[in-house]
Amino acid sequence: MIPPAVTRSVDFETEVRPIFEASCLECHGPNRQRSDFRIDVKKIVLAGGGSGEPSVVPGKSAESPLIRYVAGLEEDMLMPPDGRGDPLTPEQIGVLRAWIDQGAAWPDHASATEEDPRDWWSLRPLARPAVPVTAPALRHPVDAFLEAKRAEKSLAASPEADRRTLIRRAALTLTGLPPTPEETDAFVRDPFPQAYEKLVDRLLASPRFGERWGQHWLDVVRFAETSGSESNLYRRNAWPYRDYVISAFNRDLPFDRFIHEQIVGDATGVDEATGFLVAGMHVTAATIGREESAIRQARSDRLDETIQSVSTSLLGLTLTCARCHNHKYDPIPQKDYYSFAAVFAGLEYGHRPWRNMPDAAARDRQAAALWSDIEARRAALRAQQPAWTEEWPSHLQTHFAPQTTKAVRVTFPASGPAATVDEFEIYGAATGEKNLALARHGAAARAFRTTEVPTREIGNVIDGRMGGPFAWQSRRLGEQTAAVPWFEIELAEEAVIDRIAISADRETIEETDYIVGARDSTGPRTYKVEVRLADGTWYEVADVALGPPAGNKPPPSANALAALNHLVRDYTAARPQPLFAGFFLPPAPTHLLGRGDPMDRREVIVPNGLSVLGTDLQLASGTPDVVRRRAFALWLTDPQRNPLTPRVLANRLWLHVFGHGIVDTPGDFGKAGQAPSHPELLDWLASEFVASGWSAKSIIRVLVTSAAFRQSSAPNATAALVDSGSRLLWRFPPRRVEAEVLRDATLFVAGTLDSAMGGPSFRIHSNKKRYEGWKVVDNAGPATWRRMIYQERMRGIDDQMFTAFDRPECGQVSPKRTMSTTPLQALNLFNGEFVLAQAEKLAARVKREAGAELSAQIDRLFELVYGRRPAGREVESARSLAAQDGLSELCRVLLNTNEYAFIE
Amino acid sequence: MKTHLHGPLLSPNQFGPRLLDRRDFLRTAGGLAGNLALLQLLGSQKLLSASVDGSVRPKINPDQPYAPRPPHFEPKAKQVLVIFCVGAVSHVDTFDYKPALFRHDGEKPPGMPAVTFEGPTGNIAKPIWEFKPRGQSGKMISELLPHVAAHADDMCFIHSLTSTTSAHPQGENFLNTGFTLEGFPSLGAWVTYALGSENQQLPAFVAINDPRGKPRSGKNNWGAGFLPAAFQATDFNAAQPLANLGRPDRISAAADRRAKDLLAEFNAEHARKFPGDTDLAARIASYELAGRMQLSIPDVTDIKSEPDHVHRLYGTDTGTDLKKDYAKNCILARRLLERGVRVVQLFNGSDAQANGISNWDSHANIAKTHAMQAEIFDQPTGALLADLKQRGLLDDTLVVWCTEFGRMPFLQANGTGRDHNPSAFTCWLMGAGAKAGTTFGASDEFGFKTAQDASTLYDFNATILHLLGLDHERLTYYSNGIERRLTNVHGHVLKGMIA
């Protein structure tokens, strides 16, 4: 029971505030804000703290959480908690109740103020700082900024690295491949004063650049080609997004446009770019189950993945922390999270036609021609026979003479193979492409028996969802025969119909690859189709009995139907292919979800950007999908309205050049992240980036032409004491190369690298059943000798070789790779087939190029692997091993050394 | 240097993605490797390790990521064996005795949902196996698992666990990582990140997969998530050796030795140019550890060397092939624990099928599928528990038996299977720190929902960490904006389960 309100008029300053100060302020005041709540800030008390709910509802003391907490009415929420002070007396509670019931008057001057939330380095407007003046004056602005910081710590930059080190460093950084010995020699001997700048321009222009830098971007969005979770199905044609990213870096596509296309490329003719939005995992329907709460939760999780990609990669904010409550550290109210969710409310994970695929125009022409052929063949058939069934790659179509009816019945044999039907469609000439059988068009389905296998009820065949896991089955598992199985579709109204489509697992056939047996399951092979006549009797329009499936390529045939089957397959192949880049539906209203619970829908939220930046995208809950995403993309790339994006991107470019960011938490520019080591430099780079027309190559060129990048990485004991991490860049910080570089460089020096770009990924896994893990079958053979960015990427699957080298598994976003050292790496690299095979190839190459003399071979080997000749004791040691155990053993050793595995 | 001990250096972000990065290490260590003695002193007084928010940072030497490290407080257990029955074991048919199910067999219970995970529901079904009292405690356990049941007096059951999901892969993730989504560190990764291992010749954390293959959520069950890759489990079992462990066939032992020596020579020569660079030193050390593992792993997986009576006890030569293989995995688990491996995760059940059975999931004909799975599981697991006890290993080893959720007290509409039940299910602890012969919490009279001491898997995991001397609220790692924990922002240690 709550103590009653006192019956007098209560004054905030003399009666209420003293209670707050004595009992609450210690944990909920300026010094600590437990649960993100402050009792001394009027706005927070009346509008909500961390939970987003107001603590005081004026006029309603009994409903105010504050009263419920101090009165101990909420389980485990008694305030002050045990050990933090005495409970309030009934009199004190009565005072608080009276104050609330009397309207909770609280003079503004009696409220503490919060800090201005925008007064945080990453949220402040972007201004271009002046380049510091140094003595002696430094020619390169980056060096001037760095020198100013170094001088504060009495540190000095290191001398320029030697040219062999420099070309290797630049080549690995920019292209992910080492230089050839010839390139190294040419650079070492180049007398031209701008030799280094020339080298940089050449490397930036190389198509290998996009393959290196594209991977950095794919890491951040955890791009993979499978859905993740239990079935982890392969997403057919997800790879075009990977190619798009590589090409964007190679073309130096202005980054603002790159962002724009990734958010709303479907409206600008770049379909594959929106692969960005669906790069994260999604759980397929079969694994979600049938409970409403689970279905809503899964939808909410899918959107969360998208919000995570956008906020981590472009805003450097951990927005997803605000899914259940206001952000704990940063000025991001829970509402903002749902504003973002509303921006993407029209997005769904899945395929849509790839309209701008290469040769789109030619393909369209071909499809149109094939379609007229099909129509002609059909007309001819119609004249010859009353009905026929076409075998499309993913389904069957039975055509028959037009019938006016309100119901269709399909009957299957009582014995023989059971029929599986995931979807059944009905069409008529007058109604065109409208599927009259859909439940949402008013149709209803019933079947010969009412108790079915739980997941396989008959309603599934008219729910518009393709896919085997929820298909209806004519017989239960293990059942040999049943009463003659049938189902009926009752249409909403009488219609003229002339065609039905039936399938068993259309989703698998159309949208995934590498599933064992999927393509044999086009649909039932034997069935009858009847329509109900006006007098209630059933009239048979087709009696279908197909032979065994012909597979992908039925032989050409003179038979008219066989020829038609051939045509529909060609037609399907010519049409725009399904692309895994998401699809878009009219958005439903977005609700704020109480504590992130999809079953707890609260107020409707309109699409918008970050509120702390004063954003108002002028969107409503009824705004069409494309309009939302376009407005959002424009906001993302407008430095006047949003200073985060250029800062975040400039920092990322820095990170991949120097190995650590100016902000070393590249996905978190908030209060839990790291402060920038050189804030002015970051702002200068961000401004420069915008001024360059968002040209990533321009900024990278600026960075790698700095003396900071060109300096030696040699250690210096004195400097290391002051700045062991070389964050102030008194030397170039050496680092181990990533998994991709290790693999690609090995193929490159062995002379086996296949430099073909783009297209479907090379395979390392076997085909699998739907519910089965992917198994690595060949991660070392010749078919895998392309750059690793083209290796098929199965989410969460260890590639048995390079995953051990901190290669992200694409479950969570990876703003920055971890870099660890483990014995598994050593075992994989020293004993694994990949390195052994490449060591043999490398030895063969060396012999081919250096001739029979062992010392020449060793010289050549060192040049290829390290870019230098062997020296001192190395010569004899190398010679001794090669002489005894063969050159390939020496190759194996070199490919395992630290010198090979580090960028120095 | 002093500022390093209070101020910004201990802010959450300093330790994140570069735990094993020498630069952070040295900066954390005050930039001076020579001050290690001071550091250890401070560490033991928890001065250095306590940061603003109370997190404890294990101090990890990149050269020796698996070196033993002190827990947060005196532990009850030094090692942990997690036995995970994949696919959801029916609690009402095994450990959670519900007499009401006999009385109401065939009826519709009040408040039963019309639809559960797989669809429409059927009627209440009594347990399929007879229950009998076991040991001194008289704990009622079904005849499905007689060998395991024999240890009832050493077990502490919890009947009031809940999960947040009723789907298997998400359930596996939630049980083992505290999150339904993928990409979070597993319990074993957290523990080895914190504690390292007692054995420097073997991996600190071993996942012994089911003979049929990996569970539904695969590697996520033993992955490192955003922790450094060093802390993911090494997975191998008695039949499948660790990939790339052995010397390649085409290279002789002598040549292999010479190659290793030359590699060491070249790396040492190279390191001389970068004195004090621990990145280089760590990589050199990793090759040395790999070399030791090449000897120690074949030794520990040499199940054949065990005497016959041990093979008979575990049942490696009777029953189905799957059972024989699983029995060998049980022997392997014991051999790993004997050698001081910190975390051993033993799987019973997989995503892949063999001999018509893949795991405990039983949507149709549960009488048959649970019986097939129990045939594989029961005798070898019972033997493993007996063996651990008899060798005194339970003094230091905590055994955790778990499954991702339970099954429904009623059947599905098909009348032969039980659907998933995340609202009440059973797991148990045994060995070091577990309150032997007791039961904590209760489900309702049908075993449908919790009735007493409702507990989450966060609580369960917090309890496991606690027994290992780790405070689940202070064992954190900064990742992308958040100090992440195994228990997210939840979890209370279940004191009622602790001896």
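Modeller: B:F84 touches B:Q345, B:F347, B:N348 and B:C402, leaving aside residues up to four places away in sequence, where touching, or contact, means that the C-beta atoms, placed from the backbone, lie within 7 Å. This is a predicted model, in which local features need pLDDT of at least 70 and side-chain atom pairs count only at pLDDT 80 or more, while totals for chains, interfaces and linings use all residues. Residues are numbered from 1 along each chain as its sequence is written, with chains lettered from A and ligands numbered from 1 in the order in which they are written.

B:F84 belongs to strand 1 (residues 79-85) of chain B; helices (H or I, at least four residues) and strands (E, at least two) are DSSP runs, numbered from the N terminus. B:F84 counts as buried because it has 24 C-beta neighbours inside 10 Å, the scale being buried at 20 or more other C-beta atoms within 10 Å, exposed at 12 or fewer, and partly exposed in between.

Turning to the contact between the chains, 77 residues come from chain B and 75 residues from chain A. On the side of chain B that touches chain A, the elements giving two or more residues include strand 2 (115-116), strand 3 (119-124) and helix 8 (253-271), and helix 8 of chain B gives the most, with ten residues. By class, that side of chain B has 36 nonpolar, 23 polar and 18 charged residues, where Ala, Val, Leu, Ile, Met, Phe, Trp, Tyr, Cys and Pro count as nonpolar, Asp, Glu, Lys and Arg as charged, and the others, Gly among them, as polar.

As for the helix pair, helix 11 (residues 255-264) and helix 18 (residues 625-636) of chain A pack at about 160° with their axes 9 Å apart, the axes being lines fitted to C-alpha atoms over the stretch in contact and the angles running from 0 to 180 degrees between N-to-C directions. The angle therefore makes helix 11 of chain A roughly antiparallel to helix 18 of chain A, a label for angles over 145 degrees. Residues making this contact include A:I259 and A:I263 of helix 11 and A:F632 and A:L636 of helix 18, all in chain A. The contact of helix 11 with helix 18 in chain A has seven nonpolar, one polar and two charged residues.

Notes
Contact = placed C-beta atoms within 7 Å. Parallel < 35°, antiparallel > 145°, perpendicular 65-115°, else oblique.
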